[in-house]
Every structure is written in C-alpha cells, then in structure tokens.
Amino acid sequence: MAELFQAPKGTRDVLPPESDRWQRLVAVFAGVMGRAAYGLVQSPMFEDIGVFQRLGEGTEVVRKEMYDFYDKGDRRLALRPEGTASVVRAFNQHRPTVPWKVWYLTPCFRYEEPQAGRFRQHHQVGAEAIGSADPDLDIEVIALQHDFYRALGLSHLSLRLNSMGSPGDRQAYAERLATWLGQRLGDLDEADRANVADHPLRVLDSKRERTVAVVADAPRITDHLSDEAAAHFARVQAGLDALGVAYEIDSRLVRGLDYYTHSTWEFAAGALTSAQNAVGGGGRYDGLAESLGGKPAPGVGFGAGIERILLAADAEEALLDTAASVDVFVVDVTGGGAGRNLTFELRRNGISADRAFDARSMKAQMKVADRSGARLALLVGEEELAAGTVTLRDLRSGGSQTALARGDVVHEVAARLAR
RNA sequence: CGGGCCGUAGCUCAGUUAGGUUAGAGCGCCGGGUUGUGGUCCCGGAGGUCGGGGGUUCAAAUCCCCUCGGUCCGCCCA
C-alpha cells in the first residue's frame, strides 16, 4: 500500500455538510457588503514578500510566522498572512477612483502551532475602504462588520474600540510609552522587556501577569491625541452610538498589525471560552499605501476569521447545519437511461433532482431517495416504460402515488412543488 | 518555542490498571425479510498491519524505548 497522505498540519478539509455553513456565511457577507456598494476583489494568494513585511517588523505574523519561499525565478514570495496588504497593493497598482470599497474572501497562512481556533491555513472575509479619511467610513466599516455578525445570528459579541491617533500621535505616544516603560523595566515580565525600545506598543498587548500589572498605570493613547485625531475619534463614537452599535473604549487595545492609525477595534465572541476568542478586527491605516510605494492614501478595513465565527456560532447554536436536499429523486429500475434523461430534464427546467446509480434494486434506490430528503420520487419501471408514464410518489405524505404521462412530468412536478 | 492529554473499524468509543482462545459495541454502509417501493423493526454481511518502528516474553492492543500524528493550554493571533 502506498503512503496514506493527510492534510498538512494545521489545515483542514471542509466537507459537506459543514461546507454548506461556509457557503451561507459567505452569502450573508456578500449580501451585507453588496448592499453597501462594496465589490469583490480577488488578488493573488502570494505576493513579493516585501508587501507583507511592510505590515510591520514588530508583528509576530511578519517576524516568524510567514510562509515564504523562493520560486524558480529566484523571487522571494510569501503566502498571504492577512488580507489587507494585497488589497492596498492592488489599489496602488490600479489607481481606482476613490473611495474604493471592496470585500474579499481568502485563505490566510501563518506558520504557528495549531490549537483551538488557530490554524496554519485559516480563512477570512474582510472589507476595505481606501482613499478617504472620512470618519464616517470608519463607522460604516465597523457597523457593516457588526451587521454581518448579527445577520449570522450571533448576539454574544463585544466590541472594543481604541484610537491610535494620527501617525504623528502614534509615534509621539510610542516614544512617551517607551520612556515610561523603560523606567520600569525590572517590573515587566522578562519576555516583554525586549520590545520596550523598538516596539513599545506591543508591550501593551502582553498577557503576562507582571506586565499587565505594570501597564495598567501606563499613559493612555487616548489622553494624548491631537485635536484633529480626538475629533475623528469622537465622530466615530457618535456615529456608532447613532447606529446602535455597542462598544467599549479600551485604550490599551493594540492589534497585532503595526500599520493602524486612528480607529482600531476588535470583536470578541463571549460564547467562546478558548483563548482564541477574537472573531475579527480592523482599523484605519492611513500610512500603509505610502509604505507600499504608492501615493499617500488613507484607508480603513477589517478582517474576520471564518473558522472562529463558526466556532462562536456553534457555541450560540446559530447558523446550524441544514440538511442539503433535492426536491425530486428519480428511481429507475430499467437500467438507468430513462432515469438519467428524466433527471436532466428536471434540472434543465430548474428543478433540483438526483438519482441512484449502479443499477441497484428498487428497495435500495428508495432508501437512497429517502435519505436524499426529496419531497417527491419519480419511479420508472418496465410497466411505466411500456405505458409511456412515470409514477410520482409523495415521500412525505405517507406515500401516495399517481401515474403521470411522461410528457407532463416536469409541469406536474413543478406544480406540486409550488404548493 | 514551553507544557498537558490522546492515538483500537468510515464515526463515537469499550478492552490497556494485574500480558493469554479467531480484537468488540453502537451508529453508518451493503444485502435480505418471496415475485417493482423508503422511513420503524428483524436477520445477515463487509470493514481493523490496535498510529509506526524496535525491544522484553512461550505469548503484546496491553509492559519498556524511540518515533510520527492529533488535540488542548501558555505565548501570539482571525
């Protein structure tokens, strides 16, 4: 026997019926974004590694989790670890009219140890609005993300919101924080000390006990915003209030990616007890387009992890599996040809239909018909074939049967299904 | 990168503590229950190198060593 291959570590096959939940999730997302005039963008799953390195040298994602490789042309490429960078790169490349409002569905790759809600390949839906600094776009994007979760039936979600201020504010605050933390190095957890000088904001994100205790008293970014940034933040809060999107301000919220300015936020699933309870997050990234070599262009967007959303949905018993079924099941005990033709005739007239294969017995075919969930069975035996008829059996109401002329089948079935 | 738990049929698991007849169950799958008909019920069947390798022993799913997976926690993140 040849070696039995398995899906690589940290990856999963999504099969029916679970894949049906994916389809519905994506359909809900496409609906929410489509109604808000966001269009689908498809971009390559790999890019020049530089595109992702601009996400920030302070991020774990870039520092040690990148799936990078050299291709046959000696180009250094990487599989995308997140969705925003490629979209911004595409924006720079194509210069669409602004604001450019797009959504995406993509796998993301990160080389890390798998655990509950964490994979080497996971999937995100997300949206970006690029080319406008209007705080109403921050609001629009946050509210759309919120509405997406609600449309899925999720209710136990919390939204934490923060502002990183303008790029200047962020820089000034980082320096202020580095100085403050530098005076308390000895009190920090050893593992966090290395970040103080170069990536002080990362220290705010630490979950280590000693560090958390120290950071509780650290200066808050929201106390050091410029007037302009403070006004932006106030407008965002007012807008969310007006749209009924609940949130709490968390001035220590620092997300994993370094490019955020102004609004930054994260949705967590209260129903998830695992450590990986973030189901999505986003922020404004006014400096990213420029750092990717484009003209300066502000932008704002979010990503949401499909696997995590489905875990949260499981916990809330939302977005449940629905048994996929067809309307009609065709049983043919005359060899299969008549049933094949009838099945396609139904399908070509917009009626979902399936059939059995391998010339099995009528009993066996009826079992399959039952499992298929079909409302109606159409039976073709030697008698029907000779008489030019098809027997219609109602599988739900006790099994009443009627004979139909072969030529009337589609019409009759359609009429029955319409009831 | 550090740590815990777990690998026996397609799935969920017994059996491992005190090694011993052809390794079991439920579900699922296939066939049958007399002359074309599902869901309940009954009968039968297929399907497992007990994760892999080595060792101890008359004898290993069971004991020992190594190894590979899976899973979960920390850290980090969706």
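Student: Why does D205 count as partly exposed?

Tutor: The model is a predicted one, and in it D205 has a relative accessibility of 29%. A residue is buried under 20% and exposed over 50%, so a value of 29% places D205 in between, as partly exposed.

Student: What makes R202 buried?

Tutor: The relative accessibility of R202 is 12%. That value is under 20%, and R202 is therefore buried.

Student: How do you know that R202 forms a salt bridge with D205?

Tutor: The closest N and O atoms of R202 and D205 are 3.6 Å apart. The rule asks for a side-chain nitrogen of Lys or Arg within 4 Å of a carboxyl oxygen of Asp or Glu, so this pair qualifies. By this rule, the count comes to 19 salt bridges.

Student: Is R21 buried or exposed?

Tutor: R21 is buried, for its relative accessibility is 6%.

Student: Why can D250 and R160 be said to tie together separate parts of the sequence?

Tutor: D250 is in the loop between β8 (248-249) and β9 (261-269), and R160 is in strand β7 (residues 157-163), so the bridge joins parts that are 90 residues apart in sequence. D250 is buried, at 16%, whereas R160 is partly exposed, at 25%.

Student: Which residues are linked in a network of salt bridges?

Tutor: The residues in that network are K9, E113 and R120.

Student: Why are the buried residues of helix α17 placed on the same side of it?

Tutor: In α17 (residues 409-418), the buried residues are V409, V410, V413 and L417. They cover an arc of only 90 degrees around the axis, so they lie on the same side of α17. On the other side, H411 and A418 are exposed. The elements that cover the buried residues include α14 (337-348), β12 (328-332) and β15 (389-394).

Student: How many cavities of 30 Å³ or more does the structure have?

Tutor: A search of the whole structure finds one. About 30 Å³ of space lies in the largest cavity.

Student: Why is that space called a cavity?

Tutor: The term applies because a 1.4 Å probe fits there but cannot get out. The lining consists of M164, R170, V254, R255, L257, Y260 and T264. By class, it has four nonpolar, one polar and two charged residues.

Student: What volume does the second largest pocket have, and which helix gives the most to its lining?

Tutor: Its volume is about 480 Å³. Among the 22 residues that line it, the closest to its centre are R170, Q171, L201, D258 and Y259. Helix α6 gives the most, with six residues. The lining divides into ten nonpolar, six polar and six charged residues.

Conventions. Residues numbered from 1 in each chain as written. Chains lettered and ligands numbered in written order. Predicted model: local features only at pLDDT ≥ 70, side-chain atom pairs only at ≥ 80, totals over all residues. Heavy atoms only, no water. 1 Å grid on protein atoms, 1.4 Å probe; cavity = no way out; pocket = protein on both sides within 12 Å on 5 of 7 lines; lining within 4 Å. Points joined across faces, edges and corners; volume = space filled by probe spheres on them. Nonpolar A, V, L, I, M, F, W, Y, C, P; charged D, E, K, R; others polar. Buried < 20%, exposed > 50% of the residue type's maximum accessible area, 1.4 Å probe, protein only. Helix = DSSP H or I, 4+ residues; strand = E, 2+ residues; numbered from the N terminus. Arc of directions from axis to C-beta. Contact = heavy atoms within 4.5 Å.
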